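Let's take a friendly walk through a protein fold and the space it leaves open. Have a look at the structure below before reading on.

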Amino acid sequence: MDIGIPEPGKSRADYAVSLFQSGYNCAQSVFAAYADLFGMDQGTALKMSSAMGGGVGRMREICGAVSAMAMLAGLKEGNDDPENEEAKAHIYALVRDMSGKFKEKEKTIICRELLGIEGMEESAKPTVRTAEFYRTRPCGRLIREAAEIIEAFLIDNADNMEKEGREEE
């Protein structure tokens, strides 16, 4: 599925929030808003991140927006050499820094704590999206927070590469 890229003049953070408001989960909204900057088509991005929503499979563990930040960090800075300990440490440190920035503002990266609920949902079935859902859930704000962190940690360099028409090696 091609959901396009942000309209001219619309930030990717706004785009991520609009994806959530159109029915995508938190992880999909964040991941798909940025994945094209790192060479991934949106259909693949949506599928790949779909299981991370609701705190991973609606278990209310790590916030899907935070999971998407980590996945995007992996696309940009990830390691594919099992013997490169320095690269492993680098990506882990980057994810810790990004997650730490989220935690500074939100006090936690755990979905159920962000939502103020106890434990895992009984059902894997998503909550019906209504005006009340969007009004009462902090998810749009959390998606925007994750997007701002992504832009601060990952995007400036990616945007420059995109403008120059070259890919990261």
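What percentage of the 169 residues of the chain count as buried? The answer is 43%, where buried means under 20% relative accessible area with a 1.4 Å probe, counting protein chains only. This is a predicted model, in which local features need pLDDT of at least 70 and side-chain atom pairs count only at pLDDT 80 or more, while totals for chains, interfaces and linings use all residues. Residues are numbered from 1 along each chain as its sequence is written, and side-chain values use heavy atoms, leaving out hydrogens and water.

The chain has 8 helices and 0 strands; helices are DSSP runs of H or I with at least four residues, and strands are runs of E with at least two.

Now to the largest pocket, with a volume of about 390 Å³. A pocket is an open set of points on a 1 Å grid where a 1.4 Å probe fits, with protein on both sides within 12 Å along at least five of seven lines; lining residues have an atom within 4 Å of a point. The volume is the space filled by probe spheres set on the points.

The lining holds 25 residues, and Asn-25, Gly-53, Gly-54, Arg-60 and Arg-129 lie nearest the pocket's centre. Helices α6 (111-115) and α8 (139-164) each supply at least two lining residues, and the largest share, 3 residues, comes from α6.

| Class in the lining | Count |
|---|---|
| nonpolar | 13 residues |
| polar | 8 residues |

Notes: Ala, Val, Leu, Ile, Met, Phe, Trp, Tyr, Cys and Pro count as nonpolar, Asp, Glu, Lys and Arg as charged, and the others, Gly among them, as polar. Buried means under 20% relative accessible area, exposed over 50%, partly exposed in between (1.4 Å probe, protein chains only).
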